[in-house]
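Please take this model region by region. Keep the sequence and the coordinates side by side.

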Amino acid sequence: MVSLPPPRTTELHYDGAWNSVRVRESTPVEITRGLAGKGTRAEPAVTEMTLGNRNGEVSAHDPTSPLYGKIGRNTPIRFSVDAGGPHLAFPSSGSPLVSTPDHATLGVAGDLDVRIDVAPNSWMDTAALVSRHRFTASQVHYVLLVGQNGLLQLLWSPTGTTGAQRYVTATAPVPFYDGQRVVLRATLDINNGASGCTVRFSYARTFDSALWMPIGDPVTQSGTTSVFDGTAPLDLGDSDLSLTPDGLTGLGRVQGRIHGAQVYDGTTLKVDVRPETQAAPGAARFTDGAGRVWTLTGSATLSNRNIRLEGEVPAWPPERHVSGNDSTVTIAPAGVMRRLGIGKRPLDSALRRFIAAAGPVECWPLTDGAEATFGAPLIGTSPLQVLPGSTYAWASGELASWVEPVLQVSGPAKIVAPPPSSALVASAWSVDFSFSKLESLVLVSVWERPGSGRTWNVVADPALGTVQLTTVIPGGGGGTLGTVNAAVFDDRPHHIRVRTSSGGGAAQWWLYIDGVEVLTGVELLDAGPPISIEWICGLAGGIFDSMSLGYVTLWGASAPAAADVYRALVGYPGETAGARVSRVAAEQGVPLSLDGEAALTTPLGVQKQAVFLDTLEVGSKADMGMLLERRDTRALLYRARHTLYSQAPILTLDFTNGVISGEFRPVDDDRLPRNMVTARRDGGSEYTAVETTGRLSVQAPPLGIGEYEESDSYSLAADEQTIGQAWWRLHVGLHGGLRYPRVTVDLANPRAYALAHAILAADVGDLLRIQTLPREYGYGYVDLLIRGYTEKISDKRWTITFTCDPGGPWAVGIYDDPVRGKCDAAYSQLTSGITATATSFSVTTTAGLPWITTPGEFPIDITIGGEEMRATAITGASSPQTFTVVRSTNGVIKTHAAGSPVTVARPAVYAL
């Protein structure tokens, strides 16, 4: 049996550092993380533990306690266990290095393929990852490194000399958050067939992944090449190279963790470092899977510490035993979502938050209450005045439904904003204003302080459909600078900016409408700082239709781009889910890590006003990603939908090996099936996807299962997105196999503990595979998507129960992949019945194209009546065709009748 409880460390953060505290060993620690139900937003991680307090060491309310004033509400806490196989830990000091000496098997004669499983503290720090390099001895082989601005670089030399060395820099930075564990890969095709060589950078979650995502574009250089094979050792985490090969910055060492490394010569594995299964915690050396001995020097260590929760302690309730002989504090640490979810006040509009964060000189949002007497500044100190005789109403105007109510002008009016004297606008300034329903002649004037004394006038004329910029100079001068036709006279929100920049006796000027520069030019005489900003509405008299005016803003020389202000005004339509959750969290000052690439996430509709976590959930709901908490630090984590696609399993459990504990009961019910899915765009159109044929279709039993409907609205940028949304959600909802909602592993079981490194690495959103299932469960294996887990640790028990959804629907097509790159030939069936041992038979395709016969495309896994077979060849240019197969690859052995459908076992699925 494994010794319980496992070595565990509980730390509180105070005095600027993590400090250990004593947890009662006999008290269970139970941690629950992840998503509940069908949503895309996790519940706050929760746990409970009892701290010993016999000497008052954690008495938050006792003035004589050593921690009095240091701990209190929401004190950070971290809980870790030392268990399983180790990783290579590289601290920030002590010159850590892991190295193996030269050996004949390290040489690379063909194409170079370098991979490293790494989790650096910062991806922006330059660091040598894998290095076989000794420049003082002309032993330059190759180096894979992270260069300036998170750009990967691969350096190599054909001759071993620095003079002959070549290098390539990735065309895009790494798309990872600090501390994220990924497998990086760099390949060098020494002869690309076009008199050159090509380098590709990519990443995956595991060494065994079938899905490698590119980092930037392939980089081709002229001339074929080779990789020098000399006598230099192979290093992990550091190099004797002191500068990045482009010479732009110094090259440092890894700070963080390395979980593995591999080097291939073409397709031959030369280096296979996986310390989690090859090394012992605390050891000074180990042997990798290729037989190479690795030695740790400096401060490098083999550590198996796993952080299971970092959160906050909301309260410190003391408890004294009735005997008076013992004192404890039972705390209930929680993830940061608990604190972030307290309170129901909606966030300010995207426009207000953008302006406040950008630091204007002055801003009058005009969002004051109905009884206001002046326009209070959001930034600055000077009030805006609506002069007597004006016709207006506070809090009655609307720029857009997602922006706070603003000032409504319903008749002739004059509005004056007096900017304060500021050196920030002495040489350059911009004046912005936002409006809607502008249907009467409006004059906006910016008066300069004495010096030039000039007035800049914006004249918006709905009768002509034009916006005009003019100047007036006291004593004569000025005139019309330009006139443009402008589509701003409607009910939509619009934005105008006047900008000047002075120097050398001249003023450069610009006019922007809805973020686009429409006029620019140069005027003699330096522009002076504004002394007054005025609006005169209803100059032409007659009928005045009400207009809305808001967010009058004065900027200095460092004004944000007008296009950025306009995007905030209109609520960032088209912004992707990944970009939105990242931006909103940054505006709120909340750390958030994005797992995935923002550009690959779903484009959203406008950002409406909602509470903080609800605003983030709008993005995760439309993208079908997961809004989580990180378990290794106090930060949010958004795991994008595309990171769930076609994952290699992070944990594989063999059913027959006795590693699954507790009640393992597959469920065959109708809770999840959905065969009619309607997706609506908020404020827009809808589309319904329906499964009309097959055993899960909307047909009445026994032809189908009847109608199982789902309908919801999503923030989408365009109506067309509802089509893909509906069909993908239908696909996910049509899983027809058994469900395995809970899978428990007992780490006190030695067979399970042997997998502790993978069990403890498994997190929400990862793929869990159970293989060698009994025949009543369907044979073969089942893939499960982890939605959450509960971990129980005590001196008598250590279990983890994973909560899972079917993972099969998330296995999507991968271009040119030997398994996931195969498509079905529609409407194929057995021409005649076959026995349980037949290895050659005829297949008829009743519609569409016949099956492929190209030898290079085989093998192809097919399914007939639940039996998987491996087709090694198909002959015949037209239907019927002859299949040559290996039978029973999933353990099913049976006969099959004529007309039985023939399909690809794992056909390529087009992802959303």
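## Basis

This is a predicted model, in which local features need pLDDT of at least 70, side-chain atom pairs count only at pLDDT 80 or more, and totals for chains, interfaces and linings use all residues. Residues are numbered from 1 along each chain as its sequence is written, and side-chain values use heavy atoms, with hydrogens and water left out.

Helices (H or I, at least four residues) and strands (E, at least two) are DSSP runs, numbered from the N terminus. Buried means under 20% relative accessible area, exposed over 50%, and partly exposed in between (1.4 Å probe, protein chains only).

## Nonpolar cores

A nonpolar core is a set of buried Ala, Val, Leu, Ile, Met, Phe, Trp, Tyr and Cys residues joined through side-chain atoms within 4.5 Å. The largest one holds 50 residues. Within that core, Leu12, Trp316, Ile770 and Phe802 touch the most other members. Strand 48 (residues 782-793) gives the most to this core, with five residues. A second, separate core has 49 residues, including Leu106, Ile190, Val273 and Ala300. In soluble globular proteins, nonpolar side chains tend to be buried together.

Neighbours within four places in sequence aside, isoleucine 770 is in contact with Leu653, Phe655, Ile660, Phe664, Val743, Gly780, Tyr781, Val782 and Leu784.

Valine 782 sits in strand 48. Valine 782 is buried, at a relative accessible area of 13%. Not counting residues up to four places away in sequence, valine 782 touches Tyr740, Leu768, Arg769, Ile770 and Leu773. Leucine 768 is 14 residues from valine 782 in sequence and 8.4 Å from it in space, C-alpha to C-alpha.

Serine 661 belongs to the loop between strand 42 (651-654) and strand 43 (676-681). Is serine 661 buried or exposed? Serine 661 is buried, with a relative accessible area of 17%. Apart from residues up to four places away in sequence, serine 661 touches Thr744, Val745 and Asp746.

## Strand 12 and its partners

Strand 12 (residues 182-189) has seven of its eight residues buried, so it is largely enclosed by the rest of the structure. Two strands pair if DSSP finds at least two bridges between them. Strand 7 (residues 112-120) pairs with strand 12 in the antiparallel sense over seven bridges. In this pairing, isoleucine 116 stands opposite leucine 184 of strand 12.

Strand 13 (residues 196-204) also runs antiparallel to strand 12, joined by seven bridges. Here arginine 185 stands opposite serine 202 of strand 13. Strands 12 and 13 form a hairpin with six residues between them. Glycine 193 in the turn has a positive phi of about 85°.

## Helix 6

Helix 6 (residues 612-623) has twelve residues, which at 1.5 Å a residue should span 16 Å. The end C-alpha atoms are 18 Å apart, which agrees. The expected span is 1.5 Å times one less than the number of residues.

Buried positions in helix 6 are Phe612, Leu613, Thr615, Leu616, Gly619, Ser620, Ala622 and Asp623. Methionine 624 follows helix 6 and has a positive phi, near 60°.

## Salt bridges

A salt bridge is a side-chain nitrogen of Lys or Arg within 4 Å of a carboxyl oxygen of Asp or Glu. The whole structure has 51 salt bridges. In one of them, glutamate 710 pairs with lysine 38, the closest N and O atoms being 2.9 Å apart. Glutamate 710 lies in strand 45 (residues 709-714) and lysine 38 in the loop between strand 3 (29-34) and strand 4 (46-52), so the pair ties together parts 672 residues apart in sequence. Glutamate 710 counts as buried at 19% relative accessibility, whereas lysine 38 counts as partly exposed at 49%.

Aspartate 614 meets arginine 41 in another salt bridge (2.7 Å, N to O). Aspartate 614 is in helix 6 and arginine 41 in the loop between strand 3 and strand 4, so parts 573 residues apart in sequence are tied together. Aspartate 614, at 33% relative accessibility, counts as partly exposed. Arginine 41, at 23%, counts as partly exposed too.

Methods: Contact = heavy atoms within 4.5 Å.
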